[in-house]
Amino acid sequence: MEGRNDDVTATLTFNADGLVPAIVQEHGTGEVLMLAWMDAEALRRTLATRKATYWSRSRGEYWVKGETSGHHQAVVAVAVDCDRDTVLLTVDQTGPACHTGTRTCFTGREIA
């Protein structure tokens with residue numbers, strides 16, 4: 001499995017900042033919860049621990065979802081898209097996914 005994980009990070013197409021978008025989806029319902037950013041190390045940590053780990057562009061550091069809020073994301077599955085430039089995490093979400101306290105980062109923010 002570790003070789004497989006290494007192959008995944010080696011074959012991803014990262015942007016100029018070394019990041020890929022990570023779409024986060026609730027396991028079972030398919031509900032889109034949020035979008036975050038990962039570099040190769042964040043993805044490696046996520047694969048190794050099964051805890052969603054992201055790169056904070058604003059803070060310039062790694063963060064494990066739920067470490068401070070208690071709103072954890074247990075990773076069930078990880079997939080890459082056909083262009084290998086986006087990651088899809090399927091998770092079991094504990095509590096709200098959004099830092100504002102809403103279920104998703106999109107709840108109540110419809111524009112059309």
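**Ground rules.** I number residues from 1 along each chain as its sequence is written, and I leave hydrogens and water out, using heavy atoms for side-chain values. Because the model is predicted, local features need pLDDT of at least 70 and side-chain atom pairs count only at pLDDT 80 or more, while totals for chains, interfaces and linings use all residues.

**Entry 1: the sheet.** I looked up the strand order first. I take helices (H or I, at least four residues) and strands (E, at least two) as DSSP runs, numbered from the N terminus. Two strands pair if DSSP finds at least two bridges between them. I found an open sheet of 4 strands in the order β2-β1-β6-β5, with mixed pairing. Its edge strands, β2 (32-38) and β5 (73-80), each pair on one side only. Neighbouring strands in this sheet are turned against each other by 25 degrees on average, direction ignored. For angles, axes are lines fitted to C-alpha atoms, for helices over the stretch in contact, and the angles run from 0 to 180 degrees between N-to-C directions.

**Entry 2: around β6.** Which way do β1 and β6 run? They run parallel and are joined by 5 bridges. β5 pairs with β6 (residues 87-93) in the antiparallel sense, over 7 bridges. Thr90 in β6 is the bridge partner of Ala77, and Gln25 also stands opposite Thr90. Val75 stands opposite Val91 in β6. The hairpin of β5 and β6 has 6 residues between the strands, and Arg84 in the turn has a positive phi of about 60 degrees.

I then checked burial, where buried means under 20% relative accessible area, exposed over 50% and partly exposed in between (1.4 Å probe, protein chains only). In β6, 5 of the 7 residues are buried.

**Entry 3: helix and core.** Helix α2 (residues 40-49) lies across β2, β5 and β6, and runs at about 125 degrees to β2. A nonpolar core is a set of buried Ala, Val, Leu, Ile, Met, Phe, Trp, Tyr and Cys residues joined through side-chain atoms within 4.5 Å. The largest one has 18 residues, and Val24, Met38, Tyr54, Val87 and Leu89 have the most contacts inside it. β1 (20-26), β2, α2 and β6 each give two or more residues to this core. The largest share, 4 residues, comes from β2.

**Entry 4: the rings.** How many aromatic pairs does a search of the whole structure find? It finds 2. Rings of Phe, Tyr and Trp (its six-membered ring) pair if their centres lie within 6.5 Å; planes under 30 degrees apart count as stacked, over 60 as edge-to-face and the rest as tilted. Tyr54 and Trp63 form a tilted pair because their planes stand at 45 degrees, with the centres 4.9 Å apart. Tyr54 is buried at 0% relative accessible area, whereas Trp63 is partly exposed at 23%.

Trp55 and Tyr62 form an edge-to-face pair, 4.9 Å centre to centre with 70 degrees between the planes. Trp55 is partly exposed at 23%, and Tyr62 is partly exposed at 26%. Arg45 lies over the face of Tyr62, 4.1 Å from the ring centre. Such a charge counts if NZ of Lys or CZ of Arg is within 6 Å of the ring centre and within 35 degrees of the ring normal.

How values were computed
Contact means heavy atoms within 4.5 Å.
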